[in-house]
Each structure stands twice: as structure tokens, then as C-alpha cells.
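Subject: Handing over a structure

Hello,

Here is the structure I promised to pass on to you. Please have a look at it first, and my notes follow below.

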Amino acid sequence: MKKIITAAVTAAILTQTAAASADLSALSEKKVAYGMGVETDSENRPLGAVQAQNQYGDQGALFIGEAENKRLWLTFDEGYENGCTSRILDTLLSTNTKAVFFVTYDYAEKNPELVRRMIDEGHTVGNHTYSHPSLAECSEEKIYDELSKLHEYISDNFGYEMYVMRPPKGEFSEKVLAAAKDLGYTTVLWSFAYEDWLTNKQPSEEYAFEKITSKTHNGAVYLLHAVSETNTKILPDVINFWKSSGYLITPM
């Protein structure tokens, strides 16, 4: 997936007009609370992700990649810092692996050195909105505002133009997808996630490793939370498992 926002598009993001918004008026505002479910096909690909990709892929959304390629994406949501991200970056650097980090304004403002390191070490930094609302519950103007304000902040402070976004809570609507696409963004959801964000209820390393690796599939979009101590500890072994199994971990 290539970078698709140019300087001209960036300027347009910051000056959205009422006319541009009017183009979305006929689109559905019905909230989709996404989850990939537990059912899989014969290739271990979650049926919920495959169905969502078929339904929303042409609207600029990515839930799961192609079934033909042994490729996967490793993504992290960064709502707040729990002391794990620098160690995650160390692992990624030592294994020559690129990942995607979805950040909010609060995270970027409080942890500029980590965001700078993500960029300098060749990772993708994605837009997780300015203030982490459910975009499906926002007005059209608010959707544009949430994405464009963070885009502007990252551009001004890091010289980096974001081009992928993840809606908080996995909640979106057709209108949200269209607004993101209008701003030059691909909306990235996932085909794997598990309850790893509860810092006082972390799974064992053995459980987490089995949970993550047993769900490996072609075109996987992995969502992990960077607040997880368990994920941080097992990440070298997980990456080694994927690579030794012939998977290519690619940036977006």
C-alpha cells in the first residue's frame, strides 16, 4: 500500500468546504461495530473479515489482504504509553520488521520521541483520530475535523504525511469510510485481535503466543495493543514464527 497523500491533498484536508461535505449526504450513517468473529474458512481466514472486505473494500477499507499471498501486516494501536513501545521498536529494529502504529493526538503530543523514532526507523504512522471518539457517532464536520486536525499536527511537528487511519473501537459507517477516502486515507481495520489491552489482566506468554500464531493466515492484518507487557515479551518469538513459516511482514 503506497503513500497517497500529497502536499496538495494535505492543504485540501485543512480547508474542507461545505460543498465537499455535501457529496456524502446520501451515504448511510448506520454504525458498524466491527468484529471479525471466530469462524474461519479452510485457509484459516476469518469469515467476518473476508465478508467485510468484500462489502467495504471498494469504499477504501482494508480488513484482510489477498488469500494468494503469504503476507501479513503487523499493527499497533497507541492510545497511551505504558512503557512498552520502545521495547517493541527495539524488537522491530533487531528483526528488520516494519509495523504500523496508529496514534492519537494525546499520544503524539506526550511521546514525540517515540513517534519520531517510528518515522525514522521506517514504520508507518497512522491516524487514530485527534480525540478518539466513535466516528460513526460524529457529524460529518466532526469526522473531517478529527482526521484533519491530527493530520495537520503530525505534518507540522514531524514532517510526515499520514495516509492510513483506524477508526476508534472499530466503529464506522459508510459516511466515515467516504470521508476518510475523500481525505486520501485508507481505513484499516483488522483480521486478528484479542483481549490484550487490559493491563491488569494480561494473558500468559504461552497463551498469547498460541493465540496469535494459531490464527496466522494469508493477508492477515494483526491488531495488537502496545500497552501489553505480554505482547512485548513474546514479539520476537512471534515474528520469528511468522518469518520461519514463510510470511512476509510488510509496511503499508
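A word on burial to begin with: a residue is called buried under 20% relative accessible area, exposed over 50%, and partly exposed in between, using a 1.4 Å probe and protein chains only. This is a predicted model, so local features need pLDDT of at least 70 and side-chain atom pairs count only at pLDDT 80 or more, while totals for chains, interfaces and linings use all residues. Residues are numbered from 1 along each chain as its sequence is written, and side-chain values use heavy atoms, with hydrogens and water left out.

Let me start with the salt bridges (a side-chain nitrogen of Lys or Arg within 4 Å of a carboxyl oxygen of Asp or Glu). Searching the whole structure gives 12 of them. In one, glutamate 229 pairs with arginine 87, with 3.0 Å between the closest N and O atoms. Because glutamate 229 sits in helix H10 (residues 229-244) and arginine 87 in helix H4 (residues 85-94), this pair ties together parts 142 residues apart in sequence. Helices here are DSSP runs of H or I, at least four residues, numbered from the N terminus. Arginine 87 is partly exposed, at 32% relative accessible area, and glutamate 229 is partly exposed too, at 28%.

Another salt bridge joins glutamate 140 to lysine 175 (3.4 Å, N to O). It links distant parts of the chain, with glutamate 140 in helix H7 (residues 140-158) and lysine 175 in helix H8 (residues 174-182), 35 residues apart. Both glutamate 140 and lysine 175 are buried. Through shared partners, salt bridges connect Glu29, Glu140 and Lys175 in one network.

Next, a pair of helices. Helix H9 (residues 205-214) packs against H10 at an angle of about 40 degrees, the axes being 10 Å apart. Axes are lines fitted to C-alpha atoms, for helices over the stretch in contact, and angles run from 0 to 180 degrees between N-to-C directions. H9 is therefore oblique to H10 (under 35 degrees is roughly parallel, over 145 roughly antiparallel, 65 to 115 roughly perpendicular, and the rest oblique). Residues in contact (heavy atoms within 4.5 Å) include Phe209 and Ile212 of H9 and Ile234 and Trp242 of H10.

Finally, alanine 52 belongs to helix H3 (residues 47-56) and is buried at 8% relative accessibility. Beyond its neighbours within four places in sequence, alanine 52 touches Tyr34, Gly57 and Phe63.

Enjoy exploring!

Best wishes

Definitions and conventions: Helices (H or I, at least four residues) and strands (E, at least two) are DSSP runs, numbered from the N terminus.
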